[in-house]
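Okay, thanks for making time, everyone. Let me put the model up on the screen, and then I'll walk you through a few contacts in it.

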Amino acid sequence: MTTPNHDILIDPPPLASSAAPTNGRNLPQHPKNGGDVAMAYRTLGVVFGGLVTSPLYVYPSMPLKSPTEDDYLGIYSIMFWTLSLVGVLKYSFIAINADDQGEGGTFALYSLLCRNMNISILHSKSSSLPALILPGGPAKQTRLGKFFERSITARRILLFVAMLGTCMLIGDGILTPAISVLSAMDGLRAPFPKFRKAWVEVLSAVVLIFLFLMQKFGTSRVSFLFSPIMGAWTLSTPLVGIYSIAKHYPGIFKALSPHYIIQFFQRNRKEGWLLLGGTVLCITVLDAGSEAMFADLGHFNKRSIQIAFLGTIYPSLVLTYAGQTAYLIRNPNDHNDGFYKFIPGPVYWPIFIIATLAAIVASQSLISATFSVIKQSVVLDYFPRVKIVHTSPSKEGEVYSPEVNHVLMVLCVAVILIFGDGKDIGNAFGVVVSLVMLITTILLTLVMITIWRTPVVLVALYFVVFFVMEGVYVSAVFTKFSEGGWIPFAISFILAFIMFGWFYGRQRKFDYEITHRINIDRLGMLLSDPGVQRVPGLCFFYTNIQDGLTPILGHYIKNMRSLHEVTVFITLRYLLEPKVDLDKRIIVRKLGLDGVYGCTVQYGYADSLEHNGDDLSCQIIDAIVACLPSKEPESRLTTDAEHEVREVRRAKAAGVVHVRGKTRFYIGEGCGRFDRVMLGFYEVMHSNCRSALPALGLPLRHRIEVGMLYEA
């Protein structure tokens, strides 16, 4: 079976639907305990694949200067309580319930808020999402929801926050592979002192280049190894941690008392605050926060994710960090290699191999997440169209984008070779982690107020605790801006500018098309003009407007002074399900005028889009015949219907043509400076991105492109 390889189509449906789960995947039934445990094991390589390698680089990323025993106890206490509050309380018990029908992340939270508050400033692709119905029926809008509905500024800020979180995740897809593989490969320097740092960087770059080049083959063939690898990692590192605790500092768990945190800051003051820039990396277990923790609820239920995190990931990290800290208390100057130095000699090489494989799985998880986020952004029309390849015929979420893959590879290798020092990459990574957590806190607070209707006291308690804690982390990592922290800002700014420019252009174009759309009555008036001829032949006219017809049609008729005898207006829809049944693939309806039909062609993500032009024509003609009235009970066509069928077949015999529009903005002197810049930038992107319509295997001689200028 050939793997389908196609672009995102126009007019994709929203990611969420009230009728069915999204992404073409049925939300799993909640199995009994045995099934939950088995599913939890599988999440180690899928949901948590990129989340448990932080012990490789946390201590090496900290700018420690002659640390004492009390310093290490304070640092461990900070890590423990951060993991407990943010990991267990915030994500495992709160954020996991804020998914948008299986979709997680900042865009999913934004979509959830838009549906509930009716605040989307997108076009119908997003605004057509059904409103959320709370238990007990529709609830009145909250004052906060009404404020967002009234204020365009508030809506734009909310959109910017969602975009920023998404851009940070994409930046994470560059930094996670770099820091994970580089930190794992650094283990070669201890047994081979002559193995220079530059060689480690080159070797890490080679591994990542190979990993990126393998993306086009998908992960289906090797994904069965992900869970065993991560299972071995989450089991072996805490065992080494327990050994280190027993050998070096059995009393390490006294640091679980929060008073060690207070003493740490009283003693170190500003230096202690600056150390938070490295400590924040301990919560890369929640890297990209919501994206990782609850983005895969369509594949795994909440209980299985909670079992995996609370039963394996959380205790594994607590014990591993305890073991590292116990070792460093006795060897305080080894913090620059705080992971491999605490590994006992007899198990050094097995741990090195597991660490390297775990780093590769972690990298793969974030690369795959980046592809998914880009695809989600393209579907929602927030990002220029790029080629999206579904590498699995059965898994909608397994996607690959050649253009995005090449850009990620170049940037990732550049980060390693230019900023080879793990501290600089750690500083950049800390910015990503802390900002994504803070954004998630803000969006979750809005969800609590407007959707869950949580009591004000609980909302205030949640917001104050997490916003203050994560705000302190953000303030600490911002001090490292000149030491690598600028990297994610540069990446995110460029991506955010691209996303906003594309969004603004698409929004303006959609507004123009809705304002100038042609309805059936208007089409009838155009055709009633004596100068307009109905010429022989069958015309397939492509449009991306469902409620009405594209303005290009009026432009075409006025200038060509003709329309084919039989014209079918086709809208292509990309559905988030594997395959669309043939009897549901093509939906045809009469539009009230002779020889004029509306047609929707629906495709699943695993359907091939390569057609023979004649095959497509025949399928649509068959669908037209099926929609015509018939006599009962013989189900024979009526006389008028038979005549209609003859006309359609005669038109096909006369010749078939496929017409598609190609529009641009006319930026006149009346445009403001903002429109000139944003729409000009949009036109540059639009002229260089992929077409919104697939080729469909249509012969070139049958294609016509009609250009039209939209007045800005």
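Let's start in helix H22, residues 639-654, where Glu-647 and Arg-650 sit three residues apart, so about one helical turn separates them. These two form a salt bridge, and their closest N and O atoms are 2.5 Å apart. Buried or exposed, or something in between, for Glu-647? Glu-647 is partly exposed, at 26% relative accessible area. Arg-650 is partly exposed too, with 43%.

Oh, and before I go on: this is a predicted model, so please keep that in mind.

I'll show you a couple more of them.

Here's one between the side chains of Lys-197 and Asp-186, at 3.5 Å from N to O.

Next one, please look at Asp-529 and Arg-561. Their side chains meet in a salt bridge at 3.1 Å, N to O. Again the pair links distant parts of the chain, this time 32 residues apart. Asp-529 is in the loop between helix H18 (520-528) and strand E4 (533-542), and Arg-561 is in the loop between helix H19 (551-560) and strand E5 (562-574). Both count as partly exposed: Asp-529 has a relative accessible area of 30%, and Arg-561 comes in at 34%.

Last stop, two helices packing together. The axes of helix H3, residues 106-117, and H6 come within 8 Å and cross at roughly 160°. Angles over 145 degrees count as roughly antiparallel, so that's what we call H3 relative to H6.

Which residues meet there? From H3 we have Thr-106, Phe-107, Tyr-110 and Leu-113, and they meet Leu-158, Leu-159, Ala-162, Gly-165 and Thr-166 from H6. Sort the residues of that contact by type and you get six nonpolar, three polar and no charged.

Notes. Residues numbered from 1 in each chain as written. Predicted model: local features only at pLDDT ≥ 70, side-chain atom pairs only at ≥ 80, totals over all residues. Heavy atoms only, no water. Salt bridge = Lys/Arg side-chain N within 4 Å of Asp/Glu carboxyl O. Helix = DSSP H or I, 4+ residues; strand = E, 2+ residues; numbered from the N terminus. Buried < 20%, exposed > 50% of the residue type's maximum accessible area, 1.4 Å probe, protein only. Axes fitted to C-alpha atoms, helices over the stretch in contact; angles between N-to-C directions. Parallel < 35°, antiparallel > 145°, perpendicular 65-115°, else oblique. Contact = heavy atoms within 4.5 Å. Nonpolar A, V, L, I, M, F, W, Y, C, P; charged D, E, K, R; others polar.
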